Amino acid sequence: MRIVIITGLSGSGKSTAVKALEDEGFFCLDNLPVSLVATFIELVEHSREDIKDVALVMDIRSRDFIKGYDQVFQAIASAGHSVKILYFDATDQVLIRRFSETRRRHPALEGASVPEGIRFERDQLAGLRRIATAIIDTSEMNVHRLREVVIGLVKGSEGALEMQVNLQSFGFRYGLPLESDLVMDVRFLPNPYFVAALRPYSGLEPAVRDYVLGQKETEVFLERFRDMLEFLLPGYRREGKSYLSVSIGCTGGRHRSVAIAEELYHYFRQRNVNINVSHRDIEKGQG
């Protein structure tokens, strides 16, 4: 198994990291007592479910962990599993502000102030910090950047295509797709509906596609719209967006929008974008 240990200072972003890994298919468990780690791993190994990725949050809340983490990590590695220790940190000022915003008490010292709890926790976790696979300082990170960093450290290139782009055509006559993040109106393009020989067919037919894509306006539009999407997609990825819905609309959702959506789909598919295409109104559209 691939086992990721999430640890570090309280308020440094461990909960966000766990949610990110959970979204990536990891089996996640928070605050597991040290005495149960070996039993837990044995149960997972013999489970009927094919669990390959596990994330365990282990920190100051379990004092036994602070005393026995060396033996825990050694036992996991000796069993043949891959282990990564991600240690989360932040400046005292940032941690104090976060505790103030959430109005939570610091878990390290009962009855102590937040600054006292932070100092105590830093001292207790110093040895663990030294052996960590990676130290992640979240002081200047938003949740989206934190998620990106965690997935990059754990999955490497596997996480490069994490965002799914859903491209669809539709007809304005039947209403906007409610799930749309971006909507592009292509009703300014010449309409095959008014060409008698093309009217019965959809934008999937070569003759209709060639008519739509052969227009000068279409050529200029596609060049500029592709440039815009190539600029936007990396930004959405950095902000942690998992799905992006791009809707292309014409009057009835049968001719122009279908041809444009198909052209965009093939263009970005060739550039390794994780993309699919659908045509909402192709069977009922008229133009």
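Contact here means heavy atoms within 4.5 Å. Axes are lines fitted to C-alpha atoms (for helices, over the stretch in contact), and angles run from 0 to 180 degrees between N-to-C directions. Helices (H or I, at least four residues) and strands (E, at least two) are DSSP runs, numbered from the N terminus. The model is a predicted one, where local features need pLDDT of at least 70 and side-chain atom pairs count only at pLDDT 80 or more, while totals for chains, interfaces and linings use all residues. Residues are numbered from 1 along each chain as its sequence is written, and side-chain values use heavy atoms, with hydrogens and water left out.

Let's start with the sheet that holds E1. Two strands pair if DSSP finds at least two bridges between them. By that rule, 5 strands make up an open sheet with parallel pairing, in the order E2-E3-E1-E4-E5. Strand E2 (27–30) and E5 sit at the edges, and each pairs on one side only. On average, neighbouring strands of this sheet are turned by 20 degrees against each other, direction ignored.

Inside this sheet, strand E1 (residues 2–8) runs parallel to strand E4 (residues 82–89), and the pairing covers 7 bridges. Ile3 stands opposite Val83 in E4, and Thr7 stands opposite Tyr87 in E4. E4 is also joined to strand E5 (residues 134–137), with 4 bridges and again a parallel run. Here Leu86 is the residue standing opposite Ala134 in E5. As for side chains, in a regular strand they alternate between the two faces of the sheet.

Helix H1 (residues 14–23) lies across E1, E2, strand E3 (53–57) and E4, and runs at about 160 degrees to E1. Helix H6 (residues 143–155) packs on the sheet as well, touching E1, E4 and E5, and its direction makes about 155 degrees with that of E4.

Thr133 is found in the loop between helix H5 (114–131) and E5. Leaving out residues up to four places away in sequence, Thr133 touches Val83, Lys84 and Ile85. Residues count as buried under 20% relative accessible area, exposed over 50%, and partly exposed in between (1.4 Å probe, protein chains only). With a relative accessible area of 48%, Thr133 is partly exposed. Thr133 and Lys216 are 83 residues apart in sequence, and their C-alpha atoms are 55 Å apart in space.

Now for the other sheet. This open sheet has 4 strands in the order E7-E8-E6-E9, with parallel pairing. E7 and strand E9 (275–279) stand at the edges with a single partner strand each, so one side of each is left without a neighbour in the sheet. The twist averages 20 degrees from one strand to the next. E6 and E8 pair in the parallel sense over 8 bridges, and the bridge partner of Phe170 is Gly249 in E8.

H8 lies across E6, E7 and E8, and runs at about 175 degrees to E7. H9 packs on the sheet, where it touches E6, E8 and E9, and its direction makes about 170 degrees with that of E9.

The buried residues of H8 include Phe221, Leu222, Phe225, Leu229 and Leu233, along with Arg226 and Arg237. Among the elements covering the buried residues of H8 are strand E6 (164–171), strand E7 (182–185), helix H7 (206–213), strand E8 (243–250) and helix H9 (256–269).

H7 and H9 also meet each other. Their axes come within 9 Å and cross at roughly 85 degrees. That makes H7 roughly perpendicular to H9 (angles under 35 degrees count as roughly parallel, over 145 as roughly antiparallel, 65 to 115 as roughly perpendicular and the rest as oblique). On the H7 side, Arg209, Val212 and Leu213 meet Arg256, Ala259, Ile260 and Glu263 in H9.

Finally, Asn272 lies in the loop between H9 and E9. Phi of Asn272 is near 65 degrees, a positive value in a residue other than glycine. Most residues other than glycine have a negative phi. Asn272 counts as exposed, at 57% relative accessibility.
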